[in-house]
Amino acid sequence: MIYNFDLDYVVDTIKKNCARTVGLQFPDGFKRKAIEISREIESRTDSRVIISANSCFGACDIDTRLLESVDLLFHFGHAEIPNIRVKNVIFIEVESDIDLLPVLKKAVKVVSGSTGLISTVQFVHKLYDVQQYLGEHDIHSTVSSGDTRIAYPGLVLGCNFSAVPDCDEYLYIGTGNFHALGVSLVTRKTVWIADPLINEIRRPDADKVLRQRCAAIERSLDAQSVGIIVSTKIGQCRRDLAYDLRYMAEEHDLDAHILMMDMITPETLLPYDLDVYVNTACPRIAIDDAALFPAPMLTPVEFEIVIGERRWEDLVFDEIL
Ligand code: SF4
């Protein structure tokens, strides 16, 4: 087994709480396990299970509608965001027990200098072991705590890099490029991805993303109308920021509108036909899916540059704190 869904704990918790109805929520990568886990829970308890088939992009994305219909909601695959506690929601982090040694043997051949260690919740519990291994190879590394949005030292979210220490370079333990790319954009330093699933060391391409962001800002300079997007997702909703941006836009004679929505997709924006969109929800939507949208999709910081409220050299990555 690579991932631990902690079903004994889930079953015990259901029994202890005498829960009759239970909700299950999984990120896309784990959704294929939902039916099997639902069957097991129903066979081992007296509860009935409802599976959330909605999006589940992060711990920020709790299915609050489903929560209204169940006694307990188990949210798999993410660590709780400490400053967003919701009653009757239980996070099952789904740690990986994959052996890191093969990929660490490759990592010690590329990392040098002082190294910041970072990861996602699937591997973050192994960072101190990684630190020890690097130390045995004369590599000094650091694991740091984050702010109140971050549950564990060394944990990074795609929207929060407060646990990234000030180091010469970084070693990210995990799969995919999503989080490492964010660290690279925030720090502008070398980030190595040690991917234990495919036993590979690689680097994210931050320069390409930076070029795309500059192009999006330039394409927005003549905009007359703007849609400021606010998410209804509990951990992505920055309503006050959206109101401030609208006020700022109007001060610069732009026709500004606030659009509130759950899923931010190219299709949901098509009817509005505005010149530019500013995304106050998950910052990664403007970064990772930008090319899909019908008009430039900016982060709030980028929009401030467009309207002249911020200098180009003060462009920083948008984070939710
Ligand atoms: S806001 Fe985006 S990056 Fe942050 S936790 Fe949610 S899905 Fe992940």
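Arginine 311 lies in the segment after helix H11 (300-306). Because its relative accessibility is 49%, arginine 311 counts as partly exposed; buried means under 20% relative accessible area, exposed over 50%, and partly exposed in between, with a 1.4 Å probe and protein chains only. Ten residues in sequence separate arginine 311 from valine 301, and the two lie 9.9 Å apart in space, C-alpha to C-alpha.

The model is predicted: local features need pLDDT of at least 70, side-chain atom pairs count only at pLDDT 80 or more, and totals for chains, interfaces and linings use all residues. Residues are numbered from 1 along each chain as its sequence is written, and side-chain values use heavy atoms, with hydrogens and water left out. Helices (H or I, at least four residues) and strands (E, at least two) are DSSP runs, numbered from the N terminus.

Turn now to the sheet. Four strands form an open sheet in the order E3-E2-E4-E5, with parallel pairing. Strands pair if DSSP finds at least two bridges between them. Strand E3 (48-51) and strand E5 (89-92) are the edges, each pairing on one side only. On average, neighbouring strands of this sheet are turned by 25° against each other, direction ignored. Inside the order, strand E2 (residues 21-25) runs parallel to strand E4 (residues 72-76), and four bridges join them. Glutamine 25 stands opposite histidine 75 in E4.

Two helices lie across this sheet. H1 lies across E2, E4 and E5, at about 165° to E4. H2 lies across E2, E3 and E4, at about 165° to E3. Axes here are lines fitted to C-alpha atoms, for helices over the stretch in contact, and angles run from 0 to 180 degrees between N-to-C directions.

How do these two helices meet? Two packed helices are described by the angle between their axes and the distance between the axes. Helix H1 (residues 7-16) and helix H2 (residues 34-44) pack at about 45°, with axes 10 Å apart. H1 is therefore oblique to H2; angles under 35 degrees count as roughly parallel, over 145 as roughly antiparallel, 65 to 115 as roughly perpendicular and the rest as oblique. The crossing of H1 and H2 is right-handed, meaning that the near helix is turned clockwise from the far one by less than a right angle. From H1, Leu7, Asp8, Val10, Val11, Ile14 and Lys15 meet Ile37, Glu40, Ile41 and Arg44 of H2; contact means heavy atoms within 4.5 Å. By class, this contact of H1 with H2 has six nonpolar, no polar and four charged residues. Ala, Val, Leu, Ile, Met, Phe, Trp, Tyr, Cys and Pro count as nonpolar, Asp, Glu, Lys and Arg as charged, and the others, Gly among them, as polar.

Helix H6 (residues 178-187) is mostly covered, with eight of its ten residues buried. Among the buried residues are His179, Gly182, Val183 and Thr187. The buried residues of H6 pack against strands E7 (115-119), E9 (169-173) and E10 (190-195), and against helices H7 (206-219) and H10 (284-288). Arginine 188 follows H6 and has a positive phi, near 55°.

One of these partners is H7. H6 and H7 pack at about 65°, with axes 9 Å apart. H6 is therefore roughly perpendicular to H7. H6 passes H7 in a right-handed crossing. Leu181, Ser184 and Leu185 of H6 make the contact with Ala206, Val209 and Leu210 of H7. The residues of the contact of H6 with H7 divide into five nonpolar, one polar and no charged.
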